[in-house]
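This briefing goes with the sequence and coordinates shown below. The points that follow are grouped by topic.

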Amino acid sequence: MLREGHEVSCLDEDPESHARLEVGLEKGWEDLGGHFTVGAGLETEALEAAGIDRADAFIASTDGDNTNIVIAQIAQRRYGVPTVIARILDPLRAEWYERQGLHTVCPTRVAINMLESAVREGVPRGGAPGGGDPAQAA
Amino acid sequence: MYILVVGAGKVGWNLARELLDKDHEVTVIESNRRRYLMVEQELEHNVSYGDASELWVLERAGIQRADMVIAVTGDDEDNMLICQVAREKYEVDRIIARINNPRNKPHFDLLGIKPSVSATDLILRLLEHEVPEYGLVHLLDLQEEQLEIIEMLLGKDSGVTGRRVGDLEMPEGSLLISVLRSGKGFVPGPDTVLEAGDEVLAVLDPGNEEQLKVLFGPAQNGVGSDG
């Protein structure tokens with residue numbers, strides 16, 4: 001998103017993760033206009049330091065579902081960020097929060113769908129949909 | 001009453017014990033296998049193993065018919081979200097959440113998780129009560145009703161000692177409801193004269209504390225104290 005000319009600000013508890021941002025970049029993260037703040041997503045000071053007040057979009061994608069759901073709701077309700085997306089691994093809760101008006105992305109659901117279609121494509125016969133025409137190939 | 005307690009730490013375990021003693025039906029949910037096995041030896045079928053953040057774990061524990069959900073895990077996000085789904089998805093009437101880090105209190109409020117209880121806050125309240133320098137002690141906060149009851153100890157230098165209650169310039173939205181003197185409490189009338197060492201109770205709209213502090217605190221510019 002940074003490459004496309006958007007202004008991107010990352011917040012992470014681990015100062016070391018800054019290095020990961022620069023992997024594959026020709027210049028430094030900050031040189032390209034990126035921001036990086038060290039802090040916890042539940043700390044409003046850290047969110048504000050990262051510029052949540054003027055954000056057009058907010059993505060909560062820490063490795064904890066609960067943290068993401070809480071922070072996303074804070075971004076939505078307290079800071080009124082127009083576009084808020086939360087990563088939720090648990091498909092049941094992703095579904096429920098989606099219905100509550102939170103935009104969610106569920107990597108588990110995506111992986112299940114991909115694996116499922118990979119299996120269907122790989123099945124040699126039995127007429128699985130989306131897998132070309134296995135009967136003819138045989 | 002059927003009560004779901006989430007988290008079988010010290011708080012959850014003892015809470016469950018008390019509630020069972022009071023003949024409530026209780027299920028405690030614990031996600032740590034070792035802790036679960038330990039607690040299970042005593043509470044037996046009243047403990048359930050699993051991560052209560054997951055909806056199916058809550059459902060297996062019978063959240064649909066729970067009258068109350070109490071979330072007392074050591075993780076604030078967990079407590080918030082468990083209470084949020086309990087109320088909004090499963091329509092549980094009563095919820096109580098534990099706050100581990102008092103700085104997270106605004107988040108609980110933002111998500112409408114009420115009441116929330118913080119041990120740090122409780123100790124601070126006690127501290128206020130035990131250490132008179134704090135001046136003003138909150139006895140009761142009724143957030144929904146927008147009312148609070150406070151207690152203040154009148155020092156020797158208080159601006160209101162020796163004055164009639166009827167003559168006090170009480171801020172609008174506040175009322176003196178009781179005076180504790182030499183271990184006895186009474187309801188003051190307009191002719192009651194306040195003395196140093198009195199503990200006064202007042203009911204007020206939130207936000208009036210500062211005005212009361214000034215009124216009942218040390219006399220300023222020589223006003224009042226000699227009557």
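**Overview**

Of the 138 residues in chain A, 22% are buried, where buried stands for 20 or more other C-beta atoms within 10 Å of the residue's own, exposed for 12 or fewer, and partly exposed for counts in between, with C-beta atoms placed from the backbone. The model is predicted: local features need pLDDT of at least 70, side-chain atom pairs count only at pLDDT 80 or more, and totals for chains, interfaces and linings use all residues. Residues are numbered from 1 along each chain as its sequence is written, while chains are lettered from A and ligands numbered from 1 in the order in which they are written.

**Chain A: make-up**

- Chain A has six helices and five strands; helices (H or I, at least four residues) and strands (E, at least two) are DSSP runs numbered from the N terminus.
- Read from the N terminus, the elements of chain A follow the order β-α-β-α-β-α-β-α-β-α-α.
- Among contacts in chain A with a separation of 6 or more, 35% are between residues 24 or more positions apart; a contact requires C-beta atoms, placed from the backbone, within 7 Å of each other.

- Helix H3 of chain A covers residues 65-77, and its 13 residues should span 18 Å at 1.5 Å a residue, which agrees with the 18 Å between its end C-alpha atoms. The expected span is 1.5 Å times one less than the number of residues.
- Eleven of the 13 residues of H3(A) are buried, so this helix is largely enclosed by the rest of the structure.
- Among the buried residues of H3(A) are A:Asp65, A:Ile69, A:Val70, A:Ile71 and A:Ile74.
- The cover over the buried residues of H3(A) includes strand E3 (57-60), strand E4 (83-87) and helix H4 (91-99) of chain A, together with H4 and H5 of chain B.
- Helix H5 of chain A (residues 107-122) has 16 residues and reaches 22 Å from its first C-alpha to its last, close to the 22 Å expected at 1.5 Å a residue.

**Contact between the chains**

- The contact involves 14 residues from chain A and 13 residues from chain B.
- On the side of chain B that touches chain A, helix H3 (55-60), helix H4 (76-88) and helix H5 (105-110) of chain B each supply at least two residues.
- H4(B) gives the most to that side of chain B, with four residues.
- By class, the side of chain B that touches chain A holds six nonpolar, three polar and four charged residues. Here Ala, Val, Leu, Ile, Met, Phe, Trp, Tyr, Cys and Pro count as nonpolar, Asp, Glu, Lys and Arg as charged, and the others, Gly among them, as polar.

**Chain B: domains**

- Chain B is assigned domain 1 (2-122) and domain 2 (131-216), with bounds from an automatic or database domain assignment.
- The C-alpha centres of domain 1 and domain 2 of chain B are 38 Å apart.

**Chain B: parallel sheet**

- Six strands of chain B form an open sheet in the order E3-E2-E1-E4-E5-E6, with parallel pairing; strands pair if DSSP finds at least two bridges between them.
- Strand E3 (47-49) and strand E6 (116-118) of chain B are the edge strands, each pairing on one side only.
- The twist in this sheet averages 20° from one strand to the next.
- Strand E2 (residues 25-30) of chain B and E3(B) are joined in the parallel sense by three bridges, and B:Glu30 stands opposite B:Tyr49 in E3(B).
- Helix H1 (residues 10-21) of chain B lies across strand E1 (2-6), E2, strand E4 (68-71) and strand E5 (94-99) of chain B, at about 165° to E2(B). Axes are lines fitted to C-alpha atoms, for helices over the stretch in contact, and angles run from 0 to 180 degrees between N-to-C directions.
- H4(B) lies across E1, E4 and E5 of chain B, at about 170° to E5(B).

**Chain B: residue Ile29**

- B:Ile29 is part of strand E2 of chain B and counts as buried, with 26 C-beta neighbours inside 10 Å.
- Leaving out residues up to four places away in sequence, B:Ile29 touches B:Leu4, B:Val6, B:Ser48, B:Gly50, B:Ala52, B:Val57 and B:Ala61.

**Chain B: antiparallel sheet**

- Five strands of chain B form an open sheet in the order E7-E8-E11-E9-E10, with antiparallel pairing.
- Its edge strands are strand E7 (136-142) and strand E10 (184-186) of chain B.
- Six bridges join E7(B) to strand E8 (residues 147-153) of chain B, and B:Leu136 stands opposite B:Met152 in E8(B).

Definitions and conventions
Contact = placed C-beta atoms within 7 Å.
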